[in-house]
Amino acid sequence: KVLIPATIKSIGQFAFYNCQSLSYISIDSSLKSIEDDVFYKCSSLTKIKIPSSVTSIGKESFSGCTSLKKITIPSSVTFIGDSAFEDCILLTEITIPPSVKQLGKAVFRRCSSLRKVSIFCYLDSFSDNLFCGCISLESISIQPSIKTIGNNVFLKCSLLKEINLPPSLIYIGIGAFQQCSSIKTISIPTTIKSIERNTFKGCSSLNKLIIPSSVKSIGESAF
C-alpha cells in the first residue's frame, strides 16, 4: 500500500515498475501527469485513485496490471498514451470522459474481460490496435466525429455483435474487424473508397453486407 501526499508534484518514469506486491495506491490532488511506465506490471494492484489534477496518462502506465478491476479516469484528463491499460485482464468497464482529446495506440489491447466501453469524448480517430483482443467486448458506440479506424482496432473482438459506422468515416484500416465472429450486419458508409485487406476476415456470422458505389477497391482476404 502506497499513499502519495499532496507535496509530490511529479512521479518519474518506471517509479513503481514491476512492484508485483503493490496492491493499493492513493495519489493526492496535486499530481499533473502519470508518466510512462510508472505502474507497469504492478500485477497485484487492484485499486488506484487518480486525482482530478491529472491531465495526462503516459504510455504503458498501467500496462500489465493484471489484478486491476476498476479505474476511473477523471474529467481533467486530455491525453491517454499508447498501451496505457494494455493487458489489464480483469478490467470490466471503462468510461472515457469528454475531456479526452487523444487516445494512443493499443490503449486497451488484450483487456480480455472488458465488456463495456463508454466514450463521451469526440475523437478524430481510433488508433491502431485500440481494442485488439478485447474478447469480452459486446458493444461500442462510434462517435460521429470519427474519421478513421486504424489497423486491427477490433481484431479478435469475438463477442462484438453490432457496429455502427458513422457517415463521417473516410478510412477503415487493415484487419480492423478481423475475427469479429459475432457481427451479423455491416453497412459501409458512402464516404469509404476502399476496403483494405483482412478488414472483415473471419466475420463468420456476417449475413448482410452493404457496399456502396463509392468503394473502388477491395483488398485481398477482405472478407
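The legends below describe close-up views of a predicted model. Local features need pLDDT of at least 70 and side-chain atom pairs count only at pLDDT 80 or more, while totals for chains, interfaces and linings use all residues. Residues are numbered from 1 along each chain as its sequence is written, and side-chain values use heavy atoms, with hydrogens and water left out.

**View 1. The open sheet of three strands runs in the order E1-E2-E4 with parallel pairing.** Strands are DSSP runs (E, at least two residues; helices are H or I, at least four), numbered from the N terminus, and two strands pair if DSSP finds at least two bridges between them. The edge strands, E1 (2-4) and E4 (47-49), each pair on one side only. Neighbouring strands of this sheet are turned by 5 degrees against each other on average, direction ignored; the axes are lines fitted to C-alpha atoms, for helices over the stretch in contact, and angles run from 0 to 180 degrees between N-to-C directions. E1 and E2 pair over three bridges in the parallel sense, and Val2 stands opposite Ile25 in E2. Strand E2 (residues 24-27) also pairs with E4 over three bridges, again in the parallel sense. On that side, Ile25 stands opposite Ile48 in E4, and the bridge partner of Tyr24 is Lys47.

**View 2. An open sheet of four strands has the order E3-E5-E6-E8 and parallel pairing.** Strand E3 (33-34) and strand E8 (102-103) are the edge strands, each pairing on one side only. Two bridges join E3 to strand E5 (residues 56-57) in the parallel sense. Ser33 stands opposite Ser56 in E5.

**View 3. A salt bridge joins the side chains of Asp37 and Lys59 (3.8 Å, N to O).** A salt bridge is a side-chain nitrogen of Lys or Arg within 4 Å of a carboxyl oxygen of Asp or Glu. Asp37 lies in the loop between E3 and E4 and Lys59 in the loop between E5 and strand E6 (79-80), so the pair ties together parts that are 22 residues apart in sequence. Asp37 is buried at 4% relative accessible area, whereas Lys59 is partly exposed at 37%. Buried means under 20% relative accessible area, exposed over 50%, and partly exposed in between (1.4 Å probe, protein chains only).

**View 4. Salt bridges that share partners join Glu86, Asp87, Arg109 and Arg110 into one network.** The side chain of Glu86 meets that of Arg109 at 2.7 Å, N to O, and that of Arg110 at 2.9 Å, N to O. Glu86 is buried, with a relative accessible area of 6%. Both arginines are partly exposed, Arg109 at 21% and Arg110 at 40%. A search of the whole structure finds four salt bridges.

**View 5. The cysteines Cys19 and Cys157 are shown with their closest cysteine sulfurs.** The sulfur of Cys19 is 5.2 Å from that of Cys42, too far for a bond. Cys157 has its closest cysteine sulfur in Cys180, also at 5.2 Å and too far for a bond. Cys19 is partly exposed at 30% relative accessibility, and Cys157 is buried at 0%. The whole structure contains zero disulfides (pairs of cysteine sulfur atoms within 2.5 Å).

**View 6. Leu209, Ile211, Ile218 and Phe223 form a nonpolar patch on the surface.** Together they have about 330 Å² of accessible area, from the Shrake-Rupley method with a 1.4 Å probe; for residues, only the protein chains shown count as cover. Patches are made of residues with over 30% relative accessible area and no salt bridge, joining like charges within 9 Å and nonpolar side chains (Val, Leu, Ile, Met, Phe, Trp, Tyr) within 5 Å. Ile218 lies in strand E16 (residues 217-218) and is partly exposed at 48% relative accessibility.
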